[in-house]
Structure formats: C-alpha cells, structure tokens
Amino acid sequence: MRKREREITDIQEIHSILDNCKILHLGLSDDGQPYVVPLNFGYIFENGILVFYLHGANEGYKYEVIRKNPRVSFAMECDAIPFEGKVACQYGMSYRSIMGTGKAEIITDTEEKQLGMSILMKSQTGKDFTFNEKLVSIVNVIKITVDNFSAKKRPLPEENCRNI
Ligand SMILES: Cc1cc2nc3c(=O)[nH]c(=O)nc-3n(C[C@H](O)[C@H](O)[C@H](O)COP(=O)(O)OP(=O)(O)OC[C@H]3O[C@@H](n4cnc5c(N)ncnc54)[C@H](O)[C@@H]3O)c2cc1C
C-alpha cells in the first residue's frame, strides 16, 4: 500500500469494516475478460482466516465464470463521506475499505448452504435465521476463501485543515 499510514491492521477495526460494509464487489475473470458484480455478503473472520458467503438465484453468468475460473478478487467500502475544500484538489472522500483475492466455490452440501445463509443473514441484519432444506434448494451459495487482503482507512480531514 503506497500510503502506509492509511493501512488498517487492527483486528477489531477490520471486524468493524466487515460489519459496516453491506455490499461486496466480486471481481471475476472470464477468459481474461474482467466481470465485476455487486452482491450482499456474510463473513466469518477467525484466527486470521476470512471467509465470505454470498447467495443468488440458481442460475446466472457469475456461476458460469466461477465454474471456469474460481480465482476471484473483491472490494468493499463503507463510511464514504465527501468533504469539500476551497479548490478542486481539496475535495475528497473519507472511507474505510477492504480488498483482496481468494478462491470461490459453489456450495453443494445442504448443511453448508444452510450455514452460509445463516451467516449471510446475520452479517446483513444482525439477526439469527435458520434455513430448511427447501429454502436453500432454491438458491446458490458461493463460498469465498480469502487468501490475501488489506484494509485501508481515509479519515475526514480535521475541520481546520479542510479549507487550507
Ligand atoms: C447493492 C446490490 C446488492 C446486490 N445483492 C445481491 C445478492 O446478494 N445476490 C445476488 O444474486 N444478486 C445481488 N445483486 C444483483 C447482482 O448485482 C446481479 O445483478 C445478479 O446477481 C445477477 O448476476 P449474474 O452475474 O448472475 O448476471 P445475469 O443475471 O446472468 O446477467 C448477466 C448480465 O446482466 C448484466 N448485469 C448483471 N448484474 C447487473 C447489475 N447489478 N447491474 C447492471 N447490469 C447487470 C450484465 O450485463 C451481465 O453481463 C445486488 C445488486 C446490487 C446493486
């Protein structure tokens, strides 16, 4: 990361970003043609290992690409707040973000699909939901095992620095 002072390594703050971001931009590569698709997600982050669960309809282009090439990248951001200045180059946006790479699999095991859906709903709503076999049969669940990620924060400038 070029601006090292913006890198986040604190585990609690990484959890906070994962909790606050609700949309993951999933990057796929279809024979070299990039494809980015926004999706809601759930996550587990334990012992330094980050796993995402995503879901969707039973069919769609993203699954075709994952089946051909399971290598993925992702990005998410939260707390994006624009700030102003006197001149154009003083305008900007605060944010917290995470991006990385990993391997995607389309889960076929019913119990893992149920677990993935519960994790997704917990991350999205903060509530506990359970899913029966019938409910998970009508969705696809994607698991992303992350192999590399970084987290970054751009804070809002101090009030008295904004108009310098
Ligand atoms: C904030 C947000 C959250 C979402 N959450 C989910 C989720 O949790 N699960 C889920 O399955 N979907 C979600 N979607 C919709 C998702 O982005 C895709 O539209 C959907 O998953 C279908 O993707 P697919 O690759 O299967 O495309 P297909 O339905 O197979 O269509 C392929 C083509 O449709 C077009 N297309 C697909 N998606 C979009 C899009 N979002 N915008 C414009 N054009 C598009 C592209 O040209 C693409 O090549 C979300 C979208 C947004 C904006």
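Student: Which strand supplies the largest share of the shell around the ligand?

Tutor: β3 does, with four residues. A word on the model before we go on: it is predicted, so local features need pLDDT of at least 70 and side-chain atom pairs count only at pLDDT 80 or more, while totals for chains, interfaces and linings use all residues. Residues are numbered from 1 along each chain as its sequence is written.

Student: How are the elements and the shell defined, and which residues are around the ligand?

Tutor: Helices (H or I, at least four residues) and strands (E, at least two) are DSSP runs, numbered from the N terminus. At least two residues of the shell come from each of β3 (33-40), β5 and α2.

Student: What is the make-up of that shell by class?

Tutor: Ala, Val, Leu, Ile, Met, Phe, Trp, Tyr, Cys and Pro count as nonpolar, Asp, Glu, Lys and Arg as charged, and the others, Gly among them, as polar. On that basis the shell has six nonpolar, four polar and one charged residues.

Student: Now the strands. Which way do β6 and β7 run, and how many bridges join them?

Tutor: Two strands pair if DSSP finds at least two bridges between them. β6 (residues 71-83) and β7 (residues 92-107) are antiparallel, joined by eleven bridges; Phe74 stands opposite Gly100 in β7. On to β8 (residues 140-154): β7 pairs with β8 in the antiparallel sense over 13 bridges, and Met99 has Ser150 as its bridge partner in β8.

Student: Which strands does β5 pair with?

Tutor: β5 pairs antiparallel with β8 over six bridges, with Val51 opposite Thr145. β5 also pairs antiparallel with β4 over five bridges, where Val51 is the bridge partner of Ile44. The hairpin of β4 and β5 has two residues between the strands, and Asn47 takes a positive phi near 50° there.

Student: What should I look for in a nonpolar core?

Tutor: In soluble globular proteins, nonpolar side chains tend to be buried together. The core is a set of buried Ala, Val, Leu, Ile, Met, Phe, Trp, Tyr and Cys residues joined through C-beta atoms within 7 Å. Buried means that 20 or more other C-beta atoms lie within 10 Å of a residue's own, with C-beta atoms placed from the backbone. The largest core here has 27 residues, and Leu24, Phe41, Phe52, Tyr53, Leu54 and Ile144 have the most contacts inside it.

Student: Finally, how should I read the span of α3?

Tutor: The expected span of a helix is 1.5 Å times one less than its number of residues. α3 has 16 residues and reaches 22 Å from its first C-alpha to its last, close to the 22 Å expected. Its buried residues are Lys113, Leu115, Gly116, Met117, Ile119 and Leu120. Just after α3, Gly126 takes a positive phi of about 80°.

Technical notes. Buried ≥ 20, exposed ≤ 12 C-beta atoms within 10 Å, placed from the backbone.
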